[in-house]
Amino acid sequence: MAAALSFLRSPRFRNLEFLLGASLTLVICLAVLFSDQLFPGGADKMDLMARLSPPFRTAAHPLGTDPLGRDVLARVVAGGKISLLVGFVSVAGAAVIGVLMGLISGYYRGICDIVVMRFADVQLALPFILLAITFIAIVGGSLTNTIILLIVSQWVQYARLVRGSVLALREREFILSARAIGVKDWRIIVQHLLPNLIGPVIVLLTLNVANNILLESSLTFLGLGIDPTIPSWGGMLASGRTYLQVAWWVSVFPGLAILLTVLGLNLLGDWLRDSLDPTGRTSR
Amino acid sequence: AGKLTISSPQDPGSWDPIDTFLVNWASVGTNIFDGLTYRGPDRKLVPGLAESWTEMDGGKRIRFKLRSGVTFHNGEPFNAAAVKFTFDRLLGEEGAKGPQRSNYIAIESVEVIDDTTVDLKLKAPDPVLLTKLAGYGAMIVPPKYIQEKGDAFFNVNPVGTGPFKFVSYAPKTGIKLEANPNYWGGAPKLSEVEYRFITEPATAVAELQAGRVDVVLPPTIPIGMVPVIQADPKLTVLSIPGPTVDALRFNTKSGITADPRVRKALIMAVDRAAIVKSILAGQASEIASFQGELSFGYDPALKPLPFDPKGAQALLAQAGVKPGATVQIDIRGNDATMNEVAQAVAAYLGAVGVVATIKPYETNVLLNDIIPQGKTGAMFQQKWGGWTFDYDNTAYAMYHSGEKWNPYEQDADLDKLLESQRAITDVAERERILKQIAHAVADKALEMPLYNSNAIYGVAKRVKNFPPASDNRPKLTEVTVD
Amino acid sequence: MQPSTRNAAPTPAPPATQPLLSVEGLSVEFGGQRVIDDLSFRVHPGRTLAIVGESGSGKSVTSLSVMRLADMAGARFPTGRILFQGSQGPRDLLTATQKEMRAIRGKEIAMIFQEPMTSLNPVFTIGDQIGETLTLHEGMGKAAAAEEARRLLDMVRLPDAAQILKRYPHQLSGGMRQRVMIAMALACRPRLLIADEPTTALDVTIQAQILTIMRDLQAELGMAMMFITHDMGVVAEMADDVVVMWKGRKVEEGRAADLFATPRQPYTRALLAAVPRLGSMAGQDHPRRLPLTVLDGDHVTTVGEARVQDTADYGAAPLLSVRDLSVRFKSRTNWLGCATHQVHAVTQVSFDIHPGETLALVGESGSGKSTIGRTIQQLQEATSGRISFHGRPLSEMGAADRNRLRRDVQYIFQDPFASLDPRKTVGFSIAEPIRTHGLLDGEREIRKRVDGLLERVGLTPAHAARYPHEFSGGQRQRVCIARALASDPKLIIADEALSALDVSIQAQVINLFMDLQAERGLAYLFISHDMAVVEKMSHRVAVLFLGQIMEMGSRRQIFESPAHDYTRRLLSAVPVADPSRRSRRALLDGEIPSPIRAVGDDPAVLPLEEVRPGHFVRRSA
Amino acid sequence: MAGFLLKRLIQAVFVMVVVTLVVSFAIRLTGDPALMLTQGAGSITEQDLERIREALGVNRPFLVQYGGFLTGLLRFDFGNSFLGGTPVSRLIADALPATLLLALVSMAVSIALSIPLGIRAATARGGVADQAIRILSLVGLSVPNFWLATMLVLLFAITLGWLPPSGMESPSNFVLPAVTMGVILTATNVRLVRSAMLETLQSQYVMVARAKGLSEGKVLYKHALRNCAIPLITYFGLQFGGLLGGIVVVERVFNWPGLGTLAFDAVAARDYPVLQGVITVLSLLIVGVNLLVDIAYGLVDPRIRTS
Ligand SMILES: Nc1ncnc2c1ncn2[C@@H]1O[C@H](COP(=O)(O)OP(=O)(O)OP(=O)(O)O)[C@@H](O)[C@H]1O
Ligand SMILES: Nc1ncnc2c1ncn2[C@@H]1O[C@H](COP(=O)(O)OP(=O)(O)OP(=O)(O)O)[C@@H](O)[C@H]1O
Ligand SMILES: [Mg+2]
Ligand SMILES: [Mg+2]
């Protein structure tokens with residue numbers, strides 16, 4: 001125990017962090033990518049006679065079955081596809097738009113800044129869930145729409161974060177000295193500003209992947225989800241909720257999957273931020 | 001004596017009988033208001049505020065003899081004038097703003113004969129009218145009170161003649177009632193009733209388990225939680241067939257389901273009995289037409305199509321549907337049970353080579369846009385439950401050309417049948433026609449009938465004599481609590 | 001103004017009393033890395049021990065170790081003792097618990113830190129922060145503490161002490177804050193005061209004030225002082241005894257007078273040789289490149305040649321000429337966003353720079369030096385006035401010409417670390433001007449050029465792949481110079497380019513600057529507040545005060561016959577690296593006046609008078 | 001100050017107008033309230049619907065309706081709910097305190113948890129406590145709120161029977177929802193406090209405070225914390241704004257009669273006036289919170305106050 005503790009304390013833990021994060025993420029991504037091969041046809045195979053059978057009893061259903069008698073393990077693995085897709089694509093979309101907006105508004109100030117910031121105000125005054133129900137009611141619930149919704153409601157976070165960093169960075173001497181040399185604005189933005197503010201953005205990114213996987217489940221909880229035949233962690237979690245007292249495993253295992261993914265991604269994200277910073281000085 | 005706490009899933013917003021169509025209004029309203037007639041848990045029509053009635057003019061006039069000595073909770077006397085006021089209001093300007101009016105348009109006028117006698121003059125005979133008088137918009141309201149206090153006040157401070165008097169109402173939270181000792185039907189045994197609005201099923205069940213709620217009204221309790229309540233020694237589940245039926249209806253106009261053989265094949269491909277048994281845990285019964293067995297017009301002789309995947313495949317092949325053909329099933333996104341049922345259906349369809357996708361919609365979008373506009377997938381969920389338990393109410397809306405709920409099918413024969421029974425007051429003849437309609441619909445396979453779900457009440461064992469009404473309108477006069 | 005010499009006698013010998021603090025064989029490690037090794041020294045009551053050494057030599061770690069504050073940064077102490085004669089008798093501070101140390105800190109040993117701007121907590125009033133120590137250690141009530149705090153502020157000669165107690169740190173100037181820090185440190189009359197570079201961040205005039213105050217208070221309170229600095233001038237002013245540190249070790253120790261007169265160790269000798277001394281160039285018309293004294297193993301040798309730097313070509317037309325330049329900033333605005341107050345950063349400044357010439361801009365902090373530089377570099381819009389290059393006014397140039405100017409004029413910032421992008425290799429940074437202006441095609445060519453530049457500034461091509469944080473401060477400044485040279489400029493604006501460097505490095509970089517000037521006929525606008533360096537480097541000097549030029553002339557004119565009061569004051573405030581010439585200066589009380597004025601209330605601009613050919617002095621009011 | 005307030009006011013009006021405009025327009029795309037009201041009615045004719053629309057006033061052009069809404073606002077009149085005709089102002093008056101209270105208590109719980117934990121993590125940077133707190137916060141981040149809520153209800157309300165599972169009659173009702181929200185918020189806040197604290201701990205004045213002999217508690221909680229306040233307050237302010245409209249799910253689970261539920265039900269029922277009213281109040285609240293944040297800046301940071 002003491003040995004383990006002192007190991008945790010050692011500077012090598014940072015590598016451990018990477019190892020842990022990378023292997024978790026890798027295992028999850030591989031499992032999810034090859035879910036079809038791992039469980040051929042398994043995620044959808046229904047057996048109403050074997051519904052809600054508990055976990056750890058049979059080899060056929062190591063994690064039990066859901067209310068339709070489908071294998072929970074297979075569904076958890078297959079469910080990662082949608083969850084990770086929603087998580088990654090929405091975050092990537094929001095980050096790209098937000099970072100761009102933030103860079104422009106922070107660097108050029110003036111009218112761009114005013115427009116973007118007022119947009120942000122409006123966005124902040126619009127509660128997500130209300131936006132979600134209205135949006136889904138208008139356009140219908142689908143994977144694409146869910147992702148668009150998440151992007152629309154989250155780009156502001158990145159824009160604000162980036163704008164703040166840009167405002168601080170743009171007065172820094174290395175930016176000034178690039179300007180003094182006559183470096184073009186877009187080059188300054190791409191080559192100097194972007195690399196220097198990407199750290200916090202990465203952290204926000206990894207946090208938001210988790211957040212968005214969970215939001216997908218909140219949407220399902222509120223009846224605004226996507227096709228329930230396509231397994232997704234959020235969907236399983238939300239629909240398994242009524243079974244918590246009789247069949248905990250239906251929602252606990254997808255929950256665990258989310259937890260492990262979040263852990264892996266965040267460990268990896270923190271490590272990535274640190275390793276992107278050649279000075280190694282950023283606070284972890 | 002004692003207090004009963006009831007969980008109801010929704011706040012109707014107004015307690016005025018003419019303002020709403022919500023069944024949750026009726027659960028409460030039935031204990032505050034009375035209609036001229038009354039229909040109890042046994043679904044027999046019995047006298048309410050009217051002691052008796054006679055049909056005249058070939059069904060175009062009904063004369064009611066009113067109960068005397070009845071007063072409203074505010075002391076105002078109940079009499080013929082109140083009846084006239086009620087219906088004038090319902091059919092007049094005030095009623096025009098609300099949805100209830102359309103149910104009573106058969107009434108042409110109300111004529112006061114004397115203080116305790118009143119005539120309803122009808123434009124045409126309405127076989128369901130007497131039933132409709134037992135609830136909703138036909139509840140008798142106090143004229144003076146409403147005229148004095150105004151409509152807005154009445155909305156949130158209802159006064160009726162019923163067994164319980166209104167005490168207080170907190171929007172979105174609950175409504176409290178107390179016993180009306182002067183109730184004409186005998187003073188209720190309870191002294192207080194509180195209805196709490198709890199939307200979230202799991203929360204309602206948790207409150208029930210925690211002993212803070214005595215009764216959970218349908219349709220709250222999800223099937224998945226029935227065993228939880230059954231396992232609790234302090235609780236019990238009362239489950240009786242209700243009016244609600246579920247079907248997956250077909251787009252009969254376009255796509256593969258335009259072919260009746262395909263529709264039949266799809267019905268045969270799905271083991272509905274197994275779905276009822278497992279997913280609905282027996283809290284429903286399989287149906288062959290879009291009505292439950294309590295419905296007027298139900299034909300026990302009509303049997304559901306058998307589960308026959310082989311036959312289904314053969315039919316599909318016959319119709320030229322290749323394996324891998326796709327259908328989309330539109331459902332209400334917040335209907336957890338249908339969510340599972342649709343997935344099971346999709347799995348069964350998959351077994352015969354039809355790939356089904358499910359598209360959840362926000363309920364109101366599905367009901368008010370997708371279905372009426374004919375924008376559904378090949379199949380769409382239809383949930384229906386008329387508190388009148390009359391197949392006409394369902395069939396006319398579902399199958400008559402041009403009806404809101406019937407975006408696809410146009411069948412002159414069916415239209416004629418549907419229209420013909422409406423004018424008939426002969427009960428047996430009407431029933432025959434209704435059965436004929438059901439058979440016609442089944443022949444054409446216009447829908448995949450699924451099940452008639454039970455009304456599931458979660459009740460604490462300390463509650464005695466609770467009448468689990470199938471129409472979700474339990475009258476609490478006889479209920480006691482330990 | 002003649003410097004009056006204070007008791008020119010050598011400092012008294014250490015008394016035979018017990019040392020107050022005695023550090024014996026101290027080693028300090030951070031995560032296995034030893035940064036202090038076997039360090040021993042003593043501090044006697046009533047005397048000042050100066051610890052000198054280059055940046056990173058372990059001075060701060062030593063002082064923090066005495067306070068046992070280094071623990072919080074993760075320091076470990078494998079060997080040594082720190083014996084302190086406290087009021088409770090002697091004890092080894094290294095064995096004390098943090099709880100015990102808390103009773104000593106602030107009470108018996110107090111400390112002043114380098115950065116007055118960040119040493120005070122910005123969210124508490126001055127009164128609170130001084131009072132806190134008093135309530136903690138002296139158990140005073142709030143009122144008593146406030147009264148005592150006021151007395152302490154009087155003691156450090158802050159005017160209007162009662163007012164200042166209610167103010168917040170940001171409302172005070174750097175000098176005032178440092179005085180508050182001193183007051184705070186002295187609140188409980190500590191036996192030992194540790195001052196870690198207390199004046200490094202301050203202007204010379206303010207530094208002179210602070211040093212005087214500290215010296216007087218030490219005498220008054222009879223406390224011992226451990227004075228940490230890298231400035232030999234300050235050591236000479238303050239110290240009785242000196243410890244010289246190098247790479248975590250003690251190199252030499254002794255009495256200040258002896259050490260300055262006869263440094264024994266080669267390192268000390270090299271260090272002293274590198275110190276620029278004001279007045280060392282007296283009698284010479286041109287700046288001189290001097291050979292460097294360097295440590296070579298155990299010996300000191302001099303390298304490089306001595307050469308007169310007569311590169312300025314006054315015959316040619318001025319490269320840059322600035323006429324009546326004014327720059328103002330909005331300071332306060334009313335609710336419509338219109339300015340009500342303005343910072344008059346630069347007011348009607350005119351000068352020329354000729355090819356091959358170094359013009360120095362000197363002045364205290366906030367006098368507008370950087371603003372002038374930035375305006376020339378087009379980083380800042382001028383409010384009025386004209387800037388022309390080769391006779392062509394900037395205002396008449398098109399975008400392309402203006403951009404070309406960014407090639408011909410290069411800017412070197414004060415902080416070499418801040419002016420290099422931390423996420424780019426220095427190779428990238430040096431190549432950036434070449435790429436930006438498309439000076440060379442092909443990666444190979446660029447690469448070669450970068451390598452050549454690195455070699456020219458004394459680095460190796462291998463350095464190109466490194467990141468800024470992997471260099472020392474001096475190397476980083478060389479990288480910045482290489483970068484500035486990359487586009488083959490005609491004028492380099494060096495904004496405090498030497499201020500952040502150690503003296504020995506500074507000397508090397510000065511020589512580099514001069515060599516480049518000789519080679520390429522570069523002109524410099526040399527912005528500095530360090531008079532000694534300016535004296536060494538520049539051909540002409542302009543003295544700036546509150547955005548206006550007070551005096552301008554050749555180096556010799558300014559340093560040997562300063563005509564303006566302000567110039568003289570500036571010169572007299574510079575500490576002289578010679579204990580035998582300690583001066584007792586007239587204390588300059590008061591602060592630099594604020595350049596912020598209401599709109600419409602423009603400062604009076606008195607005319608410049610030419611007192612000698614080329615020597616201009618602003619007439620005083 | 002006057003200028004600042006004026007600017008804020010203009011900003012607030014702008015935000016409110018845009019938000020209500022967007023929401024009012026969008027909600028009208030989602031469906032017809034007349035259809036909603038008549039759902040379940042046997043046969044409804046287009047005439048019936050038109051009558052109901054007329055009564056609700058939704059058959060007029062959108063901009064006329066919106067203009068009516070705005071003029072109503074000037075009289076603090078949000079109109080009446082389509083569902084039962086209760087004045088929207090009354091519904092909001094009932095729901096607003098519920099939401100505000102819950103949000104405040106949750107924030108308080110979260111702040112009370114995250115500040116000591118964040119500070120602990122920052123001071124033990126890289127150590128066991130730090131890692132543990134970081135991992136715990138990640139666990140918190142990966143739990144959906146409704147799930148946590150259900151678990152807490154199962155444990156504390158049903159199994160142990162200590163606390164009521166839902167409703168809002170007594171202080172004990174606050175515990176579960178506030179803890180749920182508090183825990184979820186803490187997961188993010190801890191990280192925030194930690195990184196703000198790490199930065200502050202580098203400052204010289206923290207060293208100075210230690211050199212004075214102050215206890216670690218005073219150094220951290222008095223000197224350092226106050227200086228982290230600006231980023232923290234900014235973030236907490238944003239979070240609070242988000243909370244007001246964002247606790248729909250938790251309100252649902254705990255049957256909390258708050259604004260979120262009100263708005264959610266209003267969208268579901270196409271109850272335009274209620275939704276418009278709620279959104280107006282919410283956006284004003286959020287703008288108000290931002291204003292409070294600005295004022296709080298001045299309170300914690302004299303540099304802002306005095307310039
Ligand atoms: N917290 C720390 N962790 C690791 N190394 C440290 C730490 N603090 C100081 N050092 C190292 O100890 C050495 C001595 O540093 P110190 O700050 O004492 O130098 P200094 O002489 O005060 O320099 P300067 O004049 O720049 O203040 C340096 O090499 C530095 O990198
Ligand atoms: N961007 C700006 N906005 C407002 N005021 C400014 C700005 N830049 C400089 N100032 C003010 O202009 C004055 C001159 O500043 P400048 O930086 O030129 O002084 P300096 O002589 O270079 O001082 P230092 O030696 O401290 O660098 C100062 O009072 C400063 O506060
Ligand atoms: Mg130091
Ligand atoms: Mg400057």
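This is a predicted model: local features need pLDDT of at least 70, side-chain atom pairs count only at pLDDT 80 or more; totals for chains, interfaces and linings use all residues.

Trainee: At what angle do helix 4 and helix 11 of chain A cross?

Mentor: Helices (H or I, at least four residues) and strands (E, at least two) are DSSP runs, numbered from the N terminus. Axes are lines fitted to C-alpha atoms, for helices over the stretch in contact, with angles from 0 to 180 degrees between N-to-C directions. For helix 4 (residues 72-108) and helix 11 (residues 249-276) of chain A, the axes come within 10 Å and cross at roughly 45°.

Trainee: Which orientation class does that give helix 4 and helix 11 of chain A?

Mentor: Angles under 35 degrees count as roughly parallel, over 145 as roughly antiparallel, 65 to 115 as roughly perpendicular and the rest as oblique. Helix 4 of chain A and helix 11 of chain A are therefore oblique to each other.

Trainee: Is A:V27 buried or exposed?

Mentor: A:V27 lies in helix 2 (residues 13-33) of chain A. Buried means under 20% relative accessible area, exposed over 50%, and partly exposed in between (1.4 Å probe, protein chains only). Because its relative accessible area is 56%, A:V27 is exposed.

Trainee: How far is B:A1 from B:A80, C-alpha to C-alpha?

Mentor: B:A1 belongs to the segment before strand 1 (3-8) of chain B, and its relative accessibility of 74% makes it count as exposed. B:A1 and B:A80 are 79 residues apart along the chain, and their C-alpha atoms are separated by 33 Å.

Trainee: Which residue of strand 11 of chain B stands opposite B:S7?

Mentor: Two strands pair if DSSP finds at least two bridges between them. Strand 1 of chain B, with five of its six residues buried, pairs in parallel with strand 10 (residues 192-197) over six bridges. Strand 1 also runs parallel to strand 11 (residues 215-216) of chain B, with two bridges. There, the residue opposite B:S7 is B:V216.

Trainee: What handedness has the β-α-β unit of chain B?

Mentor: Strand 14 (residues 325-332) and strand 15 (residues 354-361) of chain B are parallel and share eight bridges. A crossover is right-handed if, with the strands pointing away from the viewer, the path from the first strand over the helix to the second runs clockwise. With helix 12 (residues 336-351) of chain B, these two strands make a β-α-β unit that is right-handed.

Trainee: Why does the span of helix 4 of chain C agree with its number of residues?

Mentor: The expected span of a helix is 1.5 Å times one less than its number of residues. Helix 4 (residues 126-138) of chain C has 13 residues and should therefore span 18 Å, and its end C-alpha atoms are apart by that value, 18 Å.

Trainee: Which strands stand at the edges of the five-stranded open sheet of chain C?

Mentor: The order of this sheet is 20-19-16-17-26, with antiparallel pairing. Each edge strand has a single partner strand, so one side of each is left without a neighbour in the sheet; the two are strand 20 (392-393) and strand 26 (596-598) of chain C.

Trainee: What is the average twist in the eight-stranded open sheet of chain C?

Mentor: That sheet has mixed pairing and the order 21-22-23-18-24-25-28-27. At its edges are strand 21 (409-412) and strand 27 (608-612) of chain C, each with a single partner strand. From one strand to the next, the twist averages 20°.

Trainee: Which residue is the bridge partner of C:E610?

Mentor: Strand 27 of chain C runs antiparallel to strand 28 (residues 615-618) of chain C, and four bridges join them. In strand 28 of chain C, the partner of C:E610 is C:F616.

Note on methods
Residues are numbered from 1 along each chain as its sequence is written. Chains are lettered from A and ligands numbered from 1 in the order in which they are written. Side-chain values use heavy atoms; hydrogens and water are left out.
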